[in-house]
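Subject: Structure handover

Hi,

Here is the structure for your files. My notes follow below it.

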Amino acid sequence: MQLLFFDDELSNRFKPLTLSRPLSNLRVGIQTIEEKWMFSLGIEHHIRLLPEYLSGLFLSDDFVPDLQTVCINSRVLPNQELISAIQSLNDNEELSYDGVCIAAKLSLPQKPEHGFKPDASKSIALTNAPHSLDYLWDMLSSNAGEIEADIQRLKLQPSEADFSHVILSNPSQIYIHPTATIEAGSILIADKGPIYIGMNATVEAGSILKGPVAVCDSATIKMSARIYDGTTVGTHCKVGGEVSNSIFHSFSNKGHDGYVGNSIIGQWCNLGADTNTSNLKNNYGKVHLPNWDTKQASEDGVQFMGTVMGDHSKTSINTMLNTGTICGVSSNIFCTGFPDKYIPSFTWYDGLQNPEYRFDKAIEAMEAMMKRRGEQVTDAYATMMKYIFEHSKS
């Protein structure tokens, strides 16, 4: 059996995060969406359908013709009811809800192309709505619950090590990997939700974490940080200051004071000292994110929404980001006052002329940052970035 993810019409709403990765690769809770499904269904053979410019960047197993294939809508998160329904499907059947295909079980004669949609002969309507992500902000409203669900899914056990040098509130809901480091004076409060500290992660002295919180493998919580519920600090990230209900994907840094709330930060981003995100309008009205493709504000909105930032983007010290700011890939923000709420990819944003970020200079910055973490800009990575650069002009 092999696992294949497909995108539907709503998947475009997750740009700019998905400019540089498939939707199933986004992290919600502790795991990425694809990791959740692979673990839940016990299927390791994983097929990716990628646009040409992303090929070579993401591992994909060889497609096996006519092997039973479980197709999953990339926006949908697993729960036990849906897992059982998928496992009960016969070949050439699909599950749908409100006319939207959620999952299917097919035997395909050849590997589908990017943009594939399941076409089963029989559709079974789900009685209950699946847990789907319809907008970017759904990642944030789902994050606390997904931290708890991932802990249960992975069957983690509370830590039994001696942490007499720190304060643990409700230790039965605190999960610390044996290789993690919790420095003296830290406070971990799990009264309202669990706290997960992953392999080789570090919580520096005096930090306060209030669950549900996930600090993923090799991540660092900087000294005296305040991390509130609903926050995920992804692998190899370094995060300090004050953070609430936010998701940091891998290798991103917020090493200094400043507030980040209700925000989603991509990979390899860096927020300068005292960068602050506004996440609530002064009139307490709804925040409407700009659609990445049309630049028009979404019809739907939420009361709390900060910033969505694509990979490799950065802010200077004292940057102020307004409610509902959306920033593309590899942009630099360094201006007085609030920048625009829509910042295209590869923009050198000074608040005046906002010139294009030269591609050769952008690649140099990527190479320098990634080298510090033992990573490199491969030919495939540079090809992806060149594609995003060329298409940011349209």
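The bend at a residue is the angle between two fitted axes, one through the seven residues ending there and one through the seven starting there. Helices (H or I, at least four residues) and strands (E, at least two) are DSSP runs, numbered from the N terminus.

This is a predicted model: local features need pLDDT of at least 70, side-chain atom pairs count only at pLDDT 80 or more, and totals for chains, interfaces and linings use all residues. Residues are numbered from 1 along each chain as its sequence is written, and side-chain values use heavy atoms, with hydrogens and water left out.

Helix α3

Helix α3 covers residues 136–153. A kink of about 50 degrees is centred on N143. Buried residues of α3 include W137, M139, N143, E146 and D150. Buried means under 20% relative accessible area, exposed over 50%, partly exposed in between (1.4 Å probe, protein chains only). Just after α3, K155 has a positive phi of about 55 degrees.

Salt bridges

The structure has 13 of them. The criterion is a side-chain nitrogen of Lys or Arg within 4 Å of a carboxyl oxygen of Asp or Glu. K36 pairs with E146 at 2.9 Å, N to O. K36 lies in α1 and E146 in α3, so this pair ties together parts 110 residues apart in sequence. K36 also pairs with D150, at 2.8 Å. Both K36 and D150 are buried. Shared partners join K36, E146, D150 and R153 into one network.

D293 bridges to K15, with the closest N and O atoms 3.2 Å apart. These two are 278 residues apart. D293 is partly exposed, at 46%. K15 is buried, at 18%.

Cores

A nonpolar core is a set of buried Ala, Val, Leu, Ile, Met, Phe, Trp, Tyr and Cys residues joined through side-chain atoms within 4.5 Å. The largest has 60 residues, and W37, M139, F346 and M385 have the most contacts inside it. Helix α4 (residues 359–371) gives the largest share, six residues. A second, separate core has 35 residues, including I265 and Y349.

Cysteines

How many disulfides are there? Zero, searching the whole structure for cysteine sulfur pairs within 2.5 Å. The sulfur of C101 is 7.7 Å from the closest one, in C71, too far for a bond. For C335, the nearest cysteine sulfur is that of C327, 11 Å away.

Best wishes

Technical notes: The expected span of a helix is 1.5 Å times one less than its number of residues.
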